[in-house]
Amino acid sequence: EGRQGIAQLFDTPPLPYEQAQADLVEVVRKLESGGVPLAESVDSISSGHAGTAIGTAFGKTLAALRAGERFSDALSLAGLALPDYLYQLVSAGELTGKLGQSLQTAVAQMEYEDRLRREMRNALTYPAILVFSGIAATLLVFIVVVPKFANLLKGKSDHIPLLSQWVIGTGMFVQAHLVWVGMVALALGMGVAAGLRNPHMRSRAFEALVHMPLLGGWIIQTEMGRWAAMLSALLENRVPIISAMDLALRGVKVTALRNSLQQVLRDVRGGTRLADALANNQAMQPTGINLVRVGERSGELAPMLRALASLYENASRDRMKRFLLLLEPIAILLIGSVIGVIMVAIMLAVTSMNDSVT
């Protein structure tokens with residue numbers, strides 16, 4: 001029926017990345033267990049997930065295989081939310097006769113990237129909780145504590161300091177318009193959530209984080225580690241270095257780093273050695289450049305890049321730990337300062353009233 005007829009089978013939307021990854025791991029295990037044929041392995045996955053989106057996708061992949069399509073082409077048409085490099089690795093594995101090894105390398109890289117995403121998400125969750133806790137504590141003081149003192153000072157505001165007037169006035173305003181304040185806060189929260197769902201806004205927020213102290217360096221090291229690990233995985237499976245660098249570059253999210261590595265790719269395409277291109281564009285620290293240069297000279301570039309990725313991963317973990325160690329006392333200090341100012345303003349108001357009475 002031709003490729004167009006096969007492509008018409010694949011009309012399902014992209015599947016969740018984590019779900020596709022888990023089932024691809026299962027495919028790899030079946031491929032490595034006693035030489036089970038590829039079609040039989042895919043059929044087993046499809047039967048084991050019958051009635052689900054992933055089962056439907058693998059069923060259509062099986063249909064494409066039986067129609068004569070290569071496994072890499074069948075996967076690319078199936079609507080699975082898989083990274084671009086997986087298809088290159090599968091295609092390289094088909095050419096070299098090492099499909100199982102290529103799939104295993106792809107899954108290892110996917111799990112590595114998933115681990116980085118979880119670490120970044122976990123690291124940013126704690127600051128978010130601290131910020132929201134501080135805002136909630138401040139609002140609680142304004143809503144509950146300040147109005148009670150305001151009632152005691154009613155009609156005597158002329159005798160209290162300006163700071164106390166501001167704090168008490170703000171507390172009374174919040175209590176009087178609590179519903180509107182809640183609605184505004186809810187609207188802001190929904191606006192932030194909608195903005196983060198927008199790819200453009202999410203990208204801009206990510207770029208803003210890059211310029212923050214400690215956090216920015218951690219993100220850069222994480223991105224470099226991902227790039228080095230991806231490039232190593234592709235080279236290990238005999239993907240040409242130009243194609244491998246192009247695919248690895250697609251996973252880099254930081255604009256400045258991506259532009260620098262893009263220039264490195266242009267230089268390598270023009271005949272420059274990778275280590276020299278990295279040095280000329282200052283895309284990497286001298287230690288990493290030396291590892292790449294040793295790998296090129298010894299013919300072991302892929303293992304050296306893998307070692308470089310491990311170095312960046314360890315360095316990024318250390319930066320994350322330092323960031324979290326500094327964040328907790330800073331956040332507590334800021335929250336305590338805000339609440340302390342409120343309480344000082346209230347005490348100044350009370351003492352001013354006592355002085356006026358005496």
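1. In this predicted model, the side chains of glutamate 223 and arginine 226 meet in a salt bridge, with 2.3 Å from N to O; the term stands for a side-chain nitrogen of Lys or Arg within 4 Å of a carboxyl oxygen of Asp or Glu. Because they are three residues apart in helix 11, glutamate 223 and arginine 226 are separated by about one helical turn. Both of these residues are buried, a word that means under 20% relative accessible area, while exposed means over 50% and partly exposed covers what lies in between, with a 1.4 Å probe and protein chains only. Side chains of opposite charge can pair when their charged atoms come close.

2. By this rule the count comes to four salt bridges, and another of them joins the side chains of arginine 273 and glutamate 296, at 3.9 Å from N to O. This pair links distant parts of the chain, 23 residues apart, since arginine 273 sits in the loop between helix 13 (255-269) and helix 14 (274-280), whereas glutamate 296 belongs to helix 15 (residues 286-298). Arginine 273 is partly exposed, its relative accessible area being 44%.

3. A salt bridge also forms between the side chains of arginine 70 and aspartate 73, at 3.6 Å from N to O. Arginine 70 counts as partly exposed because its relative accessibility is 38%, and aspartate 73 counts as buried because its relative accessible area is 18%.

4. As for the overall make-up, the protein has 16 helices and zero strands; helices (H or I, at least four residues) and strands (E, at least two) are DSSP runs, numbered from the N terminus. Of its 358 residues, 40% count as buried. Among the contacts with a separation of 6 or more, residues 24 or more positions apart account for 64%, where contact means heavy atoms within 4.5 Å. The accessible surface of the protein, found by the Shrake-Rupley method with a 1.4 Å probe, comes to about 19,100 Å², and 61% of it belongs to carbon and sulfur atoms.

5. Which residues have the most contacts inside the largest nonpolar core? They are Trp227, Leu231, Leu261, Leu274, Leu278, Met284 and Val292, in a core that has 71 residues; such a core is a set of buried Ala, Val, Leu, Ile, Met, Phe, Trp, Tyr and Cys residues joined through side-chain atoms within 4.5 Å. Helix 11 (residues 215-236) gives the most to this core, with 12 residues. Apart from this core lies another, of 11 residues, which include Phe142, Val146, Ile160 and Ala345.

6. Valine 146 is found in helix 7 (residues 99-152) and counts as buried because its relative accessibility is 0%. Leaving aside neighbours within four places in sequence, valine 146 is in contact with Val141, Val167, Ile168, Gly171, Ile342 and Ile346. Although valine 146 and isoleucine 346 are 200 residues apart along the chain, their C-alpha atoms are separated by 7.5 Å.

7. On the surface, Leu162, Leu163, Trp166, Val341, Val344 and Leu348 form a nonpolar patch, with about 540 Å² of accessible area together. Patches are made of residues with over 30% relative accessible area and no salt bridge, like charges being joined within 9 Å and nonpolar side chains (Val, Leu, Ile, Met, Phe, Trp, Tyr) within 5 Å. Helix 8 (162-176) and helix 16 (301-357) each supply at least two residues of this patch.

8. Glutamine 282 has a positive phi of about 50 degrees although it is not a glycine, and it lies in the loop between helix 14 and helix 15. Its relative accessibility is 72%, so glutamine 282 counts as exposed.

9. Confidence deserves attention: the mean pLDDT of the protein, the predictor's confidence in each residue from 0 to 100, is 76, and 84% of the residues reach 70 or more. Confidence is lowest in helix 1 (residues 2-7), at a mean of 38, and highest in helix 14, at 91.

Technical notes: Residues numbered from 1 in each chain as written. Predicted model: local features only at pLDDT ≥ 70, side-chain atom pairs only at ≥ 80, totals over all residues. Heavy atoms only, no water.
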